[in-house]
Amino acid sequence: MTCHRVIAVDIDPVKIELARNNATVYGVEDRIEFIVGDFLKIAPSLRADVVFLSPPWGGPEYLREDVYSLSNLTPDCDKMMAAARQISENIALFLPRNVSVDEVIELVEPGKKVEVEQNFLNRRVKTVTVYFGELISE
C-alpha cells in the first residue's frame with residue numbers, strides 16, 4: 001500500500017516542526033498535512049485509508065518493566081483505537097519491544113485478525129508494530 005497523502009497529527013508543536021523538517025529533507029513535504037492538536041478531538045473530522053499510531057510510551061522508564069502494559073499509554077489505548085477505527089480499519093500501532101502481547105490481542109475486534117511484527121536493529125528487538133485490517137500480510 002502506497003500513501004499519496006499523509007496527515008500528521010501531534011499535540012506538541014515542536015514535534016510537528018521536527019516532522020516537517022524531516023519531510024523537507026526527504027522531499028515529501030508537499031504530500032503531508034501537518035496538524036497541531038489532540039488526536040482524540042481531531043479524529044472524528046479525519047478521513048484516511050490507514051492510521052498509524054505512535055503514542056508516547058512514558059519515556060525510558062518503559063525499559064525498566066519486564067512487560068509494558070498498554071494501560072501506561074497516554075492517551076488511553078482503547079480510546080485511541082476507537083478513534084482510529086472511526087477513520088479506518090487499517091491501523092498500525094507502534095509500541096515498545098516489551099509490550100504485553102496478551103493485551104495487544106485484546107485490542108482485536110471479534111472475528112478480526114492482528115499481526116504483531118518485531119522490529120530488529122543490530123539483531124536486537126527494538127520495537128513492535130501491530131497491524132490491523134488490510135495491513136495484515138497474507
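**Salt bridges in the predicted model**

Let me start with Glu89, which is partly exposed at a relative accessible area of 42%, where buried means under 20%, exposed over 50% and partly exposed in between, with a 1.4 Å probe and protein chains only. Before going on, this is a predicted model, in which local features need pLDDT of at least 70 and side-chain atom pairs count only at pLDDT 80 or more, while totals for chains, interfaces and linings use all residues. Residues are numbered from 1 along each chain as its sequence is written, and side-chain values use heavy atoms, with hydrogens and water left out.

Glu89 forms a salt bridge with Lys112, their closest N and O atoms lying 3.5 Å apart; the term stands for a side-chain nitrogen of Lys or Arg within 4 Å of a carboxyl oxygen of Asp or Glu. Because Glu89 sits in the loop between α3 (77-87) and β4 (91-96), and Lys112 in the loop between α4 (101-106) and β5 (114-121), the pair ties together parts 23 residues apart in sequence. Helices (H or I, at least four residues) and strands (E, at least two) are DSSP runs, numbered from the N terminus. Lys112 is partly exposed too, at 46%.

By this rule the count is five salt bridges, and one of them joins the side chains of Glu33 and Arg5 at 2.6 Å, N to O. That pair links distant parts of the chain, with Glu33 in strand β2 (residues 32-36) and Arg5 in the segment before β1 (6-10), 28 residues apart. Glu33 is partly exposed at 33%, whereas Arg5 is exposed at 53%.
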